[in-house]
Protein chains: 2
Amino acid sequence: MSTPRTRRKDARPDEIRAAALALFAERGFAATRLDDVARRAGIAKGTIYLYFPTKEDLFRALVRQDLLPNLAALEQAAAAHSGPAPARLRDLLATMAARMDAPTAAIPRLILAESGNFPALARFYAEEVVARGLALLTRVIAAGVAAGEFRPIDPAAVAPLAVAPLVMALLWRGSIGRHVPATPGPETLLATHLDLLLRALAP
Amino acid sequence: MSTPRTRRKDARPDEIRAAALALFAERGFAATRLDDVARRAGIAKGTIYLYFPTKEDLFRALVRQDLLPNLAALEQAAAAHSGPAPARLRDLLATMAARMDAPTAAIPRLILAESGNFPALARFYAEEVVARGLALLTRVIAAGVAAGEFRPIDPAAVAPLAVAPLVMALLWRGSIGRHVPATPGPETLLATHLDLLLRALAP
DNA sequence: TTGCTGACTGACCAATCAGTCAGTAATATC
DNA sequence: GATATTACTGACTGATTGGTCAGTCAGCAA
């Protein structure tokens, strides 16, 4: 009937978070049943409560633990790079775009949807992820301006514009895009975006 | 205790949709109780069922009836305009940006969030709203290219990039942005975007 | 082999909420 | 004014589901 019991205390939290992320991404937070999360993780519902006090805490843990490593990796990759600013900007955006298929890519959309029910989480995301990501981009652009590789322009105003197409593509792919044929491919989009952006920033 | 009964058959559907939209926007579809929708509309819950068979139908009616007039108005405004392409593009994006405060601005975010639970609605939105909106933009850009006002470039690839910052700003304002101080103002964002875009498209 | 610990289970409880419907009252018709 | 019609009400129900907990059993130590 049921699979035999196993005791894997340290692996459980990760497995539960992964299962929850997959289901939340598909159906949203409210519409996901913890029984389904448990079944997907191969455990009983009660086990979830050994590791997470409530459904909301599970969601919070998900966001906090699965998102930050991603961003940290991005920051390190950017710090290692030290070529000309246009190339750095190109690489940075391409690296971001390449992560669109990771399971964690669903998290931003979840936060958008649930920010009304989780204001604290919205603030956390704004400050720890968005602000840091934008700061990273702003730094690269500012360096380019300082070096004369970009024309003088407010880097903080350009940064959100530089990620906007990626964000839009990310949200689209995880939601509506799953039910509709892709209009222009993501590669075309990224290439065109970089073409436009770098030309717009040229001195 | 309760307000005296009134009979206003033809005004009810609009009021119910408006109340539902406000609450869906705030809490999401699943987390919104029909009792709350009824209270906000100033009626009893049963009355909702005189006009909408189910909660899902209410959501569908909301999207279909409140979104299309918006787009139609935009299409008409664009058709009336007949100046040089850069100015038309400017006006079009500015007009879109100006609608970000309307209650209907919450609908795209709702569809993003619920597309998994309402595939048909996602398809409807993709075909009737997104595709038409992009076609509108594509036409303007293509006209500019044909007239030599823009450099030769695939208009269909540029269109999504031209709206991306608006879409991002829209989603942000309705969700995370409500819990966090605005980083760059929307006017700055739009102005910078137009500056970059028109420069990138210049021959 | 035996006994113990605690990770795990799943039936259960309590609360929530979409949807129903018998009854009420506002308007229309005569 | 009397009667008919129907928009409207809100208490109710059935189903769902987050959360609990008494009991079970895998794995380890002695």
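Tutor: A residue is near a molecule or strand if one of its heavy atoms lies within 4 Å of it. By that rule, 22 residues surround DNA strand D, and the closest are R5(A), K45(A), R8(B), T47(B) and Y51(B). The model is predicted: local features need pLDDT of at least 70, side-chain atom pairs count only at pLDDT 80 or more, and totals for chains, interfaces and linings use all residues. Residues are numbered from 1 along each chain as its sequence is written, chains are lettered from A and ligands numbered from 1 in the order written, and side-chain values use heavy atoms, leaving out hydrogens and water.

Student: What makes the pair between K45(A) and a base oxygen of DNA strand D a polar contact?

Tutor: A polar contact is a pair of N or O atoms within 3.5 Å; within protein, one must be able to donate a hydrogen and the other to accept it, and residues adjacent in sequence count only if both atoms are side-chain atoms. An N or O atom in the side chain of K45(A) is 2.6 Å from the base oxygen, so the pair meets the cut-off. R7(B) also reaches a base oxygen, at 2.9 Å.

Student: Why is helix 6 of chain A called largely enclosed?

Tutor: Buried means under 20% relative accessible area, exposed over 50%, partly exposed in between (1.4 Å probe, protein chains only). Eight of the eight residues of helix 6 (residues 107-114) are buried, so the rest of the structure largely encloses it. Among them are I107(A) and R109(A).

Note on methods: Helix = DSSP H or I, 4+ residues; strand = E, 2+ residues; numbered from the N terminus.
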